[in-house]
Amino acid sequence: MFSQLLEIFTSVAFYAAVIRLTAPLLLSAMGGLVAERSGIITFGMEGMMLMGAIGAAVGSYYTQSVLGGLVFAMLAGMFLAFLYGIMCVTVGANQVVSAVALNLGALGLSSTIFALVFSNKALGVVTEVVSVPSMRPVKIPLLGDIPILGDILFNQLPLVYIAFLAVPAVWFVLYRTTIGLKIRSVGEHPHAADTVGISVVRVRYLSVLFTGLMAGLAGALLSIGMLNTFQENMSAGRGFIAYTAIVFGKWEPFGILLGTLLFGLADAIQLRIQALNLPIPYQFWVAFPYIVTLLALVLFVGKATWPAASGQPFKRESK
Amino acid sequence: MESLLRLEKICKTFPGVVANDHVDLEILPGEIHALLGENGAGKTTLMNCVYGVYRPDSGTIYWKGRPVEIHQARDAIALGIGMVHQHFMLVPPLTVAENIILGLPSPREPLLDLKSASRQIRELAQSYGLPIEPDVPVWQLPVGVQQRVEILKALYRQAELLILDEPTAVLTPGEVEELFKVLRAFKEKGLSIIFISHKLEEVMTISDRITVMRAGKVVDTLPASRTNPRELARMMVGREVFLHIEKPPCTPGEVVLELENVRAQSDRDLPALKGISLQVRAGEIVGIAGVDGNGQTELAEVIAGLRRVTEGRIRVLGKDITNCMPKDIIDLGVAFVPPDRQHMGLLLDFTVSENLIGKSFDRPPFSRYGFLQRRFIENFCDGAIRSCDIRTPHAQVPVKLLSGGNQQKVVLARELSLQPKLLVASQPTRGLDVGATEYIRRQMVEARSAGTAILLISTELDEVLSLSDRIAVIYEGEIMGIMSAAEADLQEIGLLMAGSRAHVATGTPQTA
Ligand SMILES: Nc1ncnc2c1ncn2[C@@H]1O[C@H](COP(=O)(O)OP(=O)(O)O)[C@@H](O)[C@H]1O
Ligand SMILES: [Mg+2]
């Protein structure tokens, strides 16, 4: 058994899988971070990811192109994000409760769409696995030829590159641009932002829509990236893990990168070890990444330092 | 002279309150105009209407003679109006420079240009004599400096009219002097200033003209040279005021509260109390004077058992209560009026009656065998409402519907009904009108005369001076000095509040 484990941990494919499994978490978390910094709790990423996954499958199926799938995925994620924005920003409802409702709604909606689009009409169920056009890895010239590293990092799906590039990009936007300054101020002290003429409502809507876009792409990475079809509830809690990564990373892009890599690693480990047929019930390995998530939060995070106005609706005339 | 700003018949109501009732106001170029009124008179609301934070229900605003629509703060800023809010509108984790340029277009849009902003801020600060370090996060700055940031924020936006909402509330007497110098310099440069305050002396010192507001209406506007504090007080309150409280001589008994070298951390995990030693005896009021944010909150909390003591001992009647549960401390006879009645002192959605018995409902005669004794509770509450003059239709009204003064009476009635050995009162009259203030103060003096030991923590220096038998000054978590009220010297207290150990005699204050 030890030699089997050694084999896993020394294989290039294993580390490539870590990177691949990290990417959807990272995409979603980078989107979520922006909304979080504007004061919106992004518990709804799970649903947005699921909508992205079904959107990508449907778009890819109808347009017969991956690009079409991605556009649909972004729109589907942003659609749910827009509903979430209405509830959090315009109505001022409890954000966690709204998110839970939307996540459940997205679960039902995505399965229904799947059944409607891909089903055997007479039976109303999906009888055969329909495969749609899906993404192909792109090897980056020169970098891809580096031994070992090239295979791990530079021979991946395009969205994986985008996920990792999003980290410095989001950092740059948050800390080096005027819109980033606006986002941060709105999340910390919306009344102060309001008194210097910043539209809290607009900043928050845009931030949430960006989360929808990114979580939608993350969903696409699941359905038409790693597979070539949709499966019911295929996000399987990854939206929540992305949220956890934000907390783990203390709302800082590079900290979050670390968090998602940890969870990507745990996911890759469980996939490989499951295949070994050890005398441990496979359910344990399925739960493994979530257990790691929990432990990471308990052991490493300590006192959370979230944006001060997190979860609070903004109303100008309220005290 | 043509007016810079003119308000005509401004009205603004909130659910249940007419905050501004047909208010007229005229501000001339280059004048310092005081807006004077009690808490709740409607001063802040009026200025929020001018600044676009609130929309007035009716009325017209004229700027340089032309009627203008101010829908949001951006419009006011564009006209040249700047406002320093009473609760600063600064984003704590952002730096001074980031706060100042927030919301303005950058010369390198969409990129921030903090370097050139910092340079400009330094120059601006220099020219007005307001030194500032642009790259420090705002939360690290003392309040006095934060206020400077707010003023610079308005100047950076080229304000011609600067509105200062209760700017002196957070300052030491020395800092007030500094601020006044700066305001006079602004006036020299042609700026107009609206200076909001409820302190008569200050208003007389700094302003050219004074507008007095009471209960949402303007009582009168008159030049400072043609009035006096007494007349202003009468206009402000609507009757003659006697803020002096009769106090029988103090006869201190045994030591009730004793703090020995107590240390504690703040919410931000910085040292908040740095070795406090203090005694309060039965039948005396010890007042803690100091500028807000120097450890007062933490001091009250460690005594009430709401914050961990990291070092040192707290004893009540000789019994060690360091880091005990709040419940055990209450049972020893310690009562607590928290600084924030709305969040800590009351359950706002609960009724007056439920709040009144909030600390005693689980013991006889309020309950027996786990059942509330309705008859007894009703009688008790009716008695408390009558004897404390709590203005409420009946005891079953949610306490959130009461005015601030009556809410505070509920808190005090509850705490005193326990016949405490020790009362820790933190900001007991903050935000109350003169009537309620007088009442609360009198109740405390009565409790003291009945033998209760009282620790009064207040940022209103007047309150500490008029109620205390002994005065301790707190600065950055340390007691700078303790003196008996009889020999207290205002100038000395002011220096201690600013952190310099008394060097009054030599006239060379050293700032810590
Ligand atoms: N946002 C608000 N919502 C409800 N009532 C308010 C609000 N702001 C102020 N008020 C009420 O309006 C009145 C005037 O308040 P304010 O303008 O703050 O007085 P001042 O600044 O003179 O102390 C008070 O009774 C206050 O309770
Ligand atoms: Mg006010």
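This is a predicted model: local features need pLDDT of at least 70, side-chain atom pairs count only at pLDDT 80 or more; totals for chains, interfaces and linings use all residues.
At what angle do the axes of helix α7 and helix α8 of chain A cross?

Helix α7 of chain A covers residues 158-176, and helix α8 of chain A covers residues 178-188. Their axes cross at roughly 80° and come within 5 Å. With 65 to 115 degrees counted as roughly perpendicular, α7(A) and α8(A) are therefore roughly perpendicular to each other.

Which residues of α7(A) and α8(A) meet? From α7(A) there are A:Val173, A:Leu174 and A:Tyr175. From α8(A), the partners are A:Ile179, A:Gly180, A:Leu181, A:Ile183 and A:Arg184. Sorted by class, this contact has six nonpolar residues, one polar and one charged.

I now move to ligand 1. Between which chains does ligand 1 lie? The ligand is placed between chains A and B. A shell of 14 residues surrounds ligand 1, and the closest of them are A:Glu317 from chain A together with B:Gly40, B:Lys43, B:Thr44 and B:Thr45 from chain B.

B:Thr45 has a polar side-chain atom 2.5 Å from an oxygen atom of ligand 1. For B:Thr44, the corresponding distance to a ligand oxygen atom is 2.6 Å. B:Tyr54 instead places a polar side-chain atom 3.3 Å from a nitrogen atom of the ligand.

How much of the accessible area of ligand 1 does the protein cover? On its own, the ligand has 560 Å² of accessible area, of which the protein covers 77%. Two elements of chain B, β2 (17-27) and α1 (43-50), each give two or more residues to the shell. The largest share, three residues, comes from α1(B). In terms of class, the shell divides into five nonpolar, five polar and four charged residues.

My last item is B:Tyr156, which lies in helix α5 of chain B, residues 143-156. Leaving aside residues up to four places away in sequence, B:Tyr156 touches B:Ile100, B:Ile101, B:Leu104, B:Ala117, B:Gln120, B:Ile121 and B:Leu124. With which of these side chains does the side chain of B:Tyr156 make a polar contact? The partner is B:Gln120, at 3.1 Å. As for B:Pro271, the C-alpha to C-alpha distance from B:Tyr156 is 34 Å, and the two residues are 115 residues apart in sequence.

That concludes my presentation.

Note on methods. Residues are numbered from 1 along each chain as its sequence is written. Chains are lettered from A and ligands numbered from 1 in the order in which they are written. Side-chain values use heavy atoms; hydrogens and water are left out. A residue is near a molecule or strand if one of its heavy atoms lies within 4 Å of it. A polar contact is a pair of N or O atoms within 3.5 Å; within protein, one must be able to donate a hydrogen and the other to accept it, and residues adjacent in sequence count only if both atoms are side-chain atoms. Accessible areas come from the Shrake-Rupley method with a 1.4 Å probe; for residues, only the protein chains shown count as cover. Helices (H or I, at least four residues) and strands (E, at least two) are DSSP runs, numbered from the N terminus. Ala, Val, Leu, Ile, Met, Phe, Trp, Tyr, Cys and Pro count as nonpolar, Asp, Glu, Lys and Arg as charged, and the others, Gly among them, as polar. Axes are lines fitted to C-alpha atoms, for helices over the stretch in contact, and angles run from 0 to 180 degrees between N-to-C directions. Angles under 35 degrees count as roughly parallel, over 145 as roughly antiparallel, 65 to 115 as roughly perpendicular and the rest as oblique. Contact means heavy atoms within 4.5 Å.
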